[in-house]
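Subject: Structure for you to look at

Hi,

Here is the structure I promised to pass on. Please open it alongside this note, and have a look around before you read my comments.

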Amino acid sequence: MRAIGVTEFGGPEKLRAVDVAQPKPEQDEVRIRVHAAAVNPTDTVLRAGGHRTEGLEPPYIPGMDAAGVISAVGTEVSTWQPGDRVMAVVVPVDERGGAYADEIVVPEDSVAAIPEGVDFAAAATLPMNGLTAHLALEQLALAEGETLAVTGAAGAFGGYVVQLAKDRGLYVIADAATADEQLVRDLGADAVVRRGADVAERIRELVPEGVAGVADGAVLDGEVAPAIRDGGGLAVVRGWNGDPGRDIRVHRVLVVHAARDHVALDRLRAKVESGVLSLRVASVLPAERADEAHRELEGGGVRGRLVLDFES
């Protein structure tokens, strides 16, 4: 069976097609014939050796998002059956690897139906970033009417945060480059400030007392903390361990904590179907061109998600 992975860590050129055994589902697992897998920054980190892989043998297979068709189910699975069109969040740092493969096995709770009217490529952009955005808002726990600032708002995570936050009744200030300002406004941001290392200052110009919370998709970490009021919250996505002071709570958002939260994933499906969430595909490339996708992503400026096609 084909997978796309690395046998040694390094740059995009290390990605290649490898032959791996077809996985078999255990009692509470399903096997998915993958049609599409999204490419995320965390995939490039794994490829370069930035994730813990102790105890695992190569090839190391990236990928946290997949969409496809169930091909087999475990003996205790009653929710799903072969032929169901599904999307799944995948944890790549285990012995089975990630989503860049013709077939994957995941727990049944890591799966939700593909939203109605959505193709495989678009569906593959939702699970990991959507769940991360959901977790960030859950941990910040802002009350309706409070103000949230979102950095990296034009990205996949940031865009989902903006849309989910508006659905929760929050006032949203988002950052954007000039070229992305209209996109971010279309996502629902109430106010837009210019992105950059001094974004905290520009947020404070709009909210002198400081915002209730920040969802930091731009990975500014402590640089954005001055935008937050005393006792507010900062949701970070790369495990920053700093102390911003002023009783600001740092929420380290790890999507693996929601990897088996079927209820949350299915709610995201419903948000797509109701029009709350919009799915953005930047482009679709054949799986064998994963190196190009990683190179393009690391070059910056990608809006929406690059997706690998495993159908052909």
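Below is what I found, going from the whole chain to a few single residues.

Please keep in mind that this is a predicted model.

The overall picture first. The chain contains eight helices and 15 strands. Its C-alpha trace spans about 60 × 40 × 35 Å along the principal axes. A compact globule of 312 residues would have a radius of gyration near 20 Å, and the chain has 19 Å, so the two agree. Of the 312 residues, 54% count as buried. Contacts across the sequence are well represented too: among those between residues at least 6 apart, 66% join residues at least 24 apart.

Now the surface and the charges. The accessible surface comes to about 12900 Å², and carbon and sulfur atoms account for 45% of it. There are 31 positive and 49 negative side chains, with the centres of the two sets 2 Å apart.

Strand S3 (residues 29–39) and S6 run antiparallel and are joined by five bridges. Within this pair, arginine 33 stands opposite glutamate 103 in S6. Strand S6 (residues 103–107) is mostly covered, with five of its five residues buried.

Next, a few spots in the loops. Most residues other than glycine have a negative phi, and most peptide bonds are trans.

- Proline 59 sits in the loop between helix H1 (41–48) and strand S4 (65–73).
- Alanine 141 is not a glycine, yet has a positive phi of about 50°. It lies in the loop between helix H3 (127–140) and strand S8 (147–151), and its relative accessible area of 56% makes it exposed.
- Aspartate 221 also has a positive phi, about 55°, without being a glycine. Its place is in the loop between strand S11 (211–216) and strand S12 (228–236). At a relative accessible area of 15%, aspartate 221 counts as buried.

Finally, which residues does aspartate 180 touch, leaving aside its neighbours within four places in sequence? They are Ala154 and Arg303. Aspartate 180 belongs to the loop between strand S9 (171–176) and helix H5 (181–187), and it is buried, with a relative accessible area of 10%.

Happy to talk any of this through.

Best wishes

Terms used
Residues numbered from 1 in each chain as written. Predicted model: local features only at pLDDT ≥ 70, side-chain atom pairs only at ≥ 80, totals over all residues. Heavy atoms only, no water. Helix = DSSP H or I, 4+ residues; strand = E, 2+ residues; numbered from the N terminus. Rg over C-alpha atoms; globule rule 2.2 N^0.38 Å. Buried < 20%, exposed > 50% of the residue type's maximum accessible area, 1.4 Å probe, protein only. Contact = heavy atoms within 4.5 Å. Areas by Shrake-Rupley, 256 points an atom, 1.4 Å probe, with all protein chains shown as cover. Lys, Arg positive; Asp, Glu negative; His and termini not counted. Charge placed at Lys NZ, Arg CZ, Asp CG, Glu CD. Pairing = 2+ DSSP bridges.
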